[in-house]
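User: I'd like to learn how to read a few features off a protein model. Could you walk me through this one?

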Amino acid sequence: MITIKEYSDKYLHELTDLYNLWDDIDDLTDNEMSQTIKAYEQNTNNKTFLAFNEDEKPIGYIFCGICYYVGTASFLEIIQIMIREEYRGQGVGKMMMDYVADMYFKQGIRQIRLHSRVKLTKAHAFYKKLGFNEFKQSKFFVKNL
């Protein structure tokens, strides 16, 4: 049975391990992840949730938060969702998305948005299956200082 819980520091190492599985990124240390979570959650609208398998082992996470932009109603943004590969296709991602959608709907949020990289075509199919529609394409730029 899969359960979903809000993040607490006791899951720091497991969250770091999951995050480091995500799409060819550099390995984050527990300390770096702890700093990231603390900075992220300073905005009280941001939340992190973990999915656990029947052995209480974390198998996925979702970072999300309410966004307020000028000229649009506030919305829930899925910042990142990741499920361990061996659990994909078993409804865990849908369960997590439904969980946060229900929670934020009760708070008056009526729209969910997310970004996805072009190469993540399996994720795109998953989002479309959940009822998401692509509404624009963007390019992201970075400049190191």
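This is a predicted model: local features need pLDDT of at least 70, side-chain atom pairs count only at pLDDT 80 or more; totals for chains, interfaces and linings use all residues.

User: Which residues have the most contacts inside the largest nonpolar core?

Analyst: General idea to begin with: in soluble globular proteins, nonpolar side chains tend to be buried together. A nonpolar core here is a set of buried Ala, Val, Leu, Ile, Met, Phe, Trp, Tyr and Cys residues joined through side-chain atoms within 4.5 Å. Buried means under 20% relative accessible area, exposed means over 50%, and partly exposed is in between (1.4 Å probe, protein chains only). In this model the largest core has 21 residues, and I62, I78, I81, M96, M97 and V100 have the most contacts inside it. Two or more residues each come from β2 (47–52), β3 (58–67), β4 (75–83) and α3 (92–105), with α3 giving the most, five residues. Apart from that core lies another one of 13 residues, including L18, I37, F52 and Y61.

User: Which residues of α3 are buried?

Analyst: V92, G93, M96, M97, V100 and Y104. Look down the axis of α3 and these buried residues fall within an arc of 135°, so they line one face of the helix; the arc is that of the directions from the helix axis to the C-beta atoms. What covers them includes β1 (3–6), β2, β3, β4, β5 (112–114) and α4 (121–129). As for length, the expected span is 1.5 Å times one less than the number of residues. For the 14 residues of α3 that gives 20 Å, and the end C-alpha atoms are 20 Å apart, which agrees.

User: How many aromatic pairs are there?

Analyst: Rings of Phe, Tyr and Trp (its six-membered ring) pair if their centres lie within 6.5 Å; planes under 30 degrees apart are stacked, over 60 edge-to-face, and the rest tilted. This structure holds seven such pairs. One of them joins Y127 and F132, edge-to-face at 6.1 Å centre to centre with 65° between the planes, and both residues are buried. Ring pairs also link Y19, Y61 and F63 into a cluster.

User: And which charges sit over rings?

Analyst: The test is NZ of Lys or CZ of Arg within 6 Å of the ring centre and within 35 degrees of the ring normal. R110 has its charged end over the ring of F105, 3.7 Å from the centre, while R113 lies over the face of F75 at 4.0 Å from the ring centre.

User: Is F135 buried or exposed?

Analyst: F135 is exposed, at 56% relative accessible area, and lies in the segment after α4. Also look at E56, in the loop between β2 and β3: this residue has a positive phi of about 60° although it is not a glycine, and at 42% relative accessibility E56 counts as partly exposed.

Technical notes
Residues are numbered from 1 along each chain as its sequence is written. Side-chain values use heavy atoms; hydrogens and water are left out. Helices (H or I, at least four residues) and strands (E, at least two) are DSSP runs, numbered from the N terminus. Contact means heavy atoms within 4.5 Å.
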